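Hi everyone, thanks for making time.

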Number of protein chains: 2
Amino acid sequence: MSLAIWLTGLSSAGKTTIAELVCAGLRQRGLKVEWLDGDAVRRLLCRGLGFTKEDRDENIRRIGFVAELLTRNGIFTVVSAISPYRETREEVRRRVGAFLEVYVNAPLEVCERRDVKGIYRRVRAGEAAYVTGVDDPYEPPLKPEVECRTDLEAPDESAARVLRAVDLWLAEPAGPTA
Amino acid sequence: MSLAIWLTGLSSAGKTTIAELVCAGLRQRGLKVEWLDGDAVRRLLCRGLGFTKEDRDENIRRIGFVAELLTRNGIFTVVSAISPYRETREEVRRRVGAFLEVYVNAPLEVCERRDVKGIYRRVRAGEAAYVTGVDDPYEPPLKPEVECRTDLEAPDESAARVLRAVDLWLAEPAGPTA
C-alpha cells in the first residue's frame, strides 16, 4: 500500500512548488511516484469541466479515482489541486484510504501578491469570475495531517514537513491516516 | 514496464468475459493488474459524456491517460471498451507505448443474438440510437496483435490466445508491441 498526498489550497498558495519538492523527496526514498496536478489533469481528464461547484466536485472525484487506482498499486500519488470543498475531499479520503491531507495555507493577500497565473489581477479587473477565495468559496481543512504556512516558511521547509509525515506513515502504515 | 491490453469490439462481442479471464491469468503470473471496463469507467471518469464521435473519443483518451499512468508504473492494464474509432486507438497506442490490441470479433448477428445489455433490441425497436455496428460506426483494427473470433471459440480459448501474446511480450519486452 501507499499513500495519497493531497495538497489543497488557494491559487498561488504554493501547492505546485511543494508538490515538486515532495515528489523529489519520495523518489529519493526509492518510492514510485505519480504527480497529478490540477491544471494538467484538467486538460487530460477533465476537458470541458468548468468551475461550478458541481464541475469542481466532478474534477476532484476523477482525480480521486485515479489516485485510488495508483495508491492501491503501491504508487505514491501527489495531488496538487485547489479542491475547495471539504466534503468532497473527505469523500476522496474515504475512497482512497491512506490519505495525507496537506493544507497549503497562505493568506489571500499573499496569494494575490504572488498571483502566479494572473488570475487575481483578472478577477479584480472584472475579467474573470469564480476565483476561489475571492468570489468562490474555499473551505479550509479542519484537521489536515499537515499544514504549511507558506507565508511564514520556505518551500523546502514545507516539503520537509510533508516528508516527515510520510516517513511516520512508512514506519507505521496502519497509523491514523491508514 | 508493463503492458496495456486493449480489448475492442462490438457490444456483446465478449470483451468483458475475456477481460475477466485475462486478468485472472495475469494475476496467476504474479503480475499487478488493473481492469478498466468501459461501462464502469463511464460512471467514474466520464460522467456526462455521450455517444457522439467527439464524446466517444474523449472517453477513450481518458481511459488511455489512466492506462498510461498505470502501465508506466508496472501495472498491467486491461481495458475493455468498444473504442470504435481506429485513429483514436492508434493515438492511445502511441501514448501508452507497450500496447496489445485485441480485436474481440463476432459478427453483428451473433452479438445481436446475445444482446447482454438489451441494447440491440432497443435500437431495433427505435428506443435507442448511436449503437455501434448498427447506426454508429465501428472501425475494426487492421493489424491487431490478437484477434479472438468469439463466435468460433470459447472464452477460455480466446483468453489463452491473449495470454500467450502477453507471455511472448514478457519474454521479450522490446518486441514489436513495445
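So, what pattern does chain A follow when read along the sequence? It goes β-α-β-α-α-β-α-β-α-α-β-α. That's seven helices and five strands, where helices (H or I, at least four residues) and strands (E, at least two) are DSSP runs, numbered from the N terminus.

Quick housekeeping. This is a predicted model, where local features need pLDDT of at least 70, side-chain atom pairs count only at pLDDT 80 or more, and totals for chains, interfaces and linings use all residues. Residues are numbered from 1 along each chain as its sequence is written, while chains are lettered from A and ligands numbered from 1 in the order in which they are written.

Okay, the overall build of chain A. Its C-alpha atoms fill a box of roughly 50 × 35 × 25 Å along the principal axes. The radius of gyration is 16 Å, which agrees with the value near 16 Å for a compact globule of 178 residues; that radius is taken over C-alpha atoms, and the globule rule is 2.2 Å times the number of residues to the power 0.38. Of those 178 residues, 42% count as buried. Buried means 20 or more other C-beta atoms within 10 Å of the residue's own, exposed means 12 or fewer, and partly exposed is in between, with C-beta atoms placed from the backbone.

Next, a helix pair inside chain A. The axes of α1(A), residues 15-28, and α7(A), residues 155-171, come within 9 Å and cross at roughly 50°. Axes here are lines fitted to C-alpha atoms, for helices over the stretch in contact, and angles run from 0 to 180 degrees between N-to-C directions. The two helices are therefore oblique to each other; under 35 degrees counts as roughly parallel, over 145 as roughly antiparallel, 65 to 115 as roughly perpendicular, and the rest as oblique. Residues making the contact include L21(A) and V22(A) of α1(A), and V162(A) and V166(A) of α7(A). By contact I mean C-beta atoms, placed from the backbone, within 7 Å.

Now, where do the chains meet? 13 residues of chain A are in contact with 13 residues of chain B. Helix α3 of chain A, residues 53-71, gives the most to that side, with six residues. By class, the chain A side has seven nonpolar, one polar and five charged residues. Ala, Val, Leu, Ile, Met, Phe, Trp, Tyr, Cys and Pro count as nonpolar, Asp, Glu, Lys and Arg as charged, and the others, Gly among them, as polar.

Look at α3(A) against α3(B): they pack at about 25°, with axes 10 Å apart. That makes α3(A) roughly parallel to α3(B). The contact is made by V66(A), L69(A) and L70(A) on one helix, and V66(B), L69(B) and L70(B) on the other.

Last stop, a few loop residues in chain B. S83(B) sits between β3 (76-80) and α4 (86-96), and its phi is near 40°, positive although the residue is not glycine. Is S83(B) buried or exposed? Buried, with 27 other C-beta atoms within 10 Å.

Y130(B), between α6 (119-124) and β5 (146-149), also isn't a glycine and has a positive phi of about 55°. Y130(B) counts as partly exposed, with 14 C-beta neighbours inside 10 Å.

That's the tour, thanks!

Definitions and conventions. Two residues are in contact if their C-beta atoms, placed from the backbone, lie within 7 Å.
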